[in-house]
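Hello,

Here is the structure for you to look through. My notes follow below it.

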Amino acid sequence: MKTKTLSILIKIILIGFALLGIGLFAFALPDIGQSMVYAYPEYSGAYWPWLIFLWIAGIPCYAVLVMGWLISVNIARDNAFCQKNAKLLKAVAILSAADAAFFFVGNLTLALLNWNHPGIFIASLSVVFIGIAISVASLALSQLTVNATEIQDENALTI
Amino acid sequence: MSKIVFNIDVMLAKRKMSVTELADRVGITLANMSILKNGKAKAVKVSTLHKLCEALDCQPGDLIEFQKDE
C-alpha cells in the first residue's frame, strides 16, 4: 500500500471521529441530559456541570485528532519514521492519560456531589480504561518510531 | 577524535577520474559519494568497497586510512 493512500485513509478516519464528536458533544449529550432532567427534575442542577465537564473532557480528544492529522501528513511525505512523529505520539500518550485521569476524577467528584448514578460511574470506568489503553499504545508506538528512526538514519548513512 | 578517512580524492587524481565518473561506475549517487568523502558515513558495505577498488584499480588499504587523534 502506498504511503499516500495510507495517509488518506487515516485522514478519513480522523475526520469521521471529528464529525462523530461534534454529533456527540453538540447534540447527543445535551439531548440526553435534557431527557434525564425531564425524567428526574431533582437533577436539573446537575445538567450544566455535567455538560461542561464532558465538553472539557472532549477538548484533549480533538487535540489528539489534530496530532493524528500531523502524523498522517508526515506519513504522506514518506517520512513516517522521524523524531517529529515520535514526539507527536508521545504527546498523544500524555494527553490521553491526562484526559483519562480528568474523566475519572470528574466522575468521582460528581458522584460525591450526589450528581452521578453508580451505574454511570462504573460505565465511565470503561471510558477511563480506553483512555489509558490509547495512552499505552501511543507510548509504545512512540518508542518504536524512535527505534525505527535510528535504524533508518543509520541505513541512510550506510554507503 | 580519531577517525577513518576515505582518500578518494587522492586516488581520483592518480587515476585522472572525475567524482561523477567514479559514482557512476560504483553505482552510488553523488550525494552518497560526498558522504563517503566527508567522513560522515556510518558504515560501508563490502560490495561498495569492492566496486571502489575495482573502479580505481587499487587495494582497500589505498583508500582507507586511520587517523589517530594526537
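**Salt bridges and a nonpolar patch**

Glu21(B) and Arg25(B) join their side chains in a salt bridge, 2.9 Å from N to O (a side-chain nitrogen of Lys or Arg within 4 Å of a carboxyl oxygen of Asp or Glu). Both sit in helix H2 (residues 19-26) of chain B, four residues apart, about one turn of the helix. Helices here are DSSP runs (H or I, at least four residues), numbered from the N terminus. Glu21(B) is partly exposed, at 33% relative accessible area; the class lies between buried (under 20%) and exposed (over 50%), with a 1.4 Å probe and protein chains only.

This is a predicted model: local features need pLDDT of at least 70, side-chain atom pairs need pLDDT 80 or more, and totals for chains, interfaces and linings use all residues. Residues are numbered from 1 along each chain, chains are lettered from A in the order written, and side-chain values use heavy atoms, without hydrogens and water.

How many salt bridges are there over all chains? The search of the whole structure gives two. Asp9(B) pairs with Lys37(B), with the closest N and O atoms 3.1 Å apart. That pair links distant parts of the chain, 28 residues apart: Asp9(B) is in helix H1 (residues 8-15) and Lys37(B) in helix H3 (residues 30-37), both of chain B. Asp9(B) is partly exposed at 46%. Lys37(B) is partly exposed too, at 28%.

Now chain A. Trp48(A), Ile52(A), Trp55(A), Ile56(A), Ile59(A) and Phe102(A) make a nonpolar surface patch of about 590 Å². Patch residues have over 30% relative accessible area and no salt bridge; nonpolar side chains (Val, Leu, Ile, Met, Phe, Trp, Tyr) are joined within 5 Å, like charges within 9 Å. Helix H2 (residues 47-76) of chain A gives the most, five residues.

Best wishes

Notes. Areas by Shrake-Rupley, 256 points an atom, 1.4 Å probe, with all protein chains shown as cover. Helix = DSSP H or I, 4+ residues; strand = E, 2+ residues; numbered from the N terminus.
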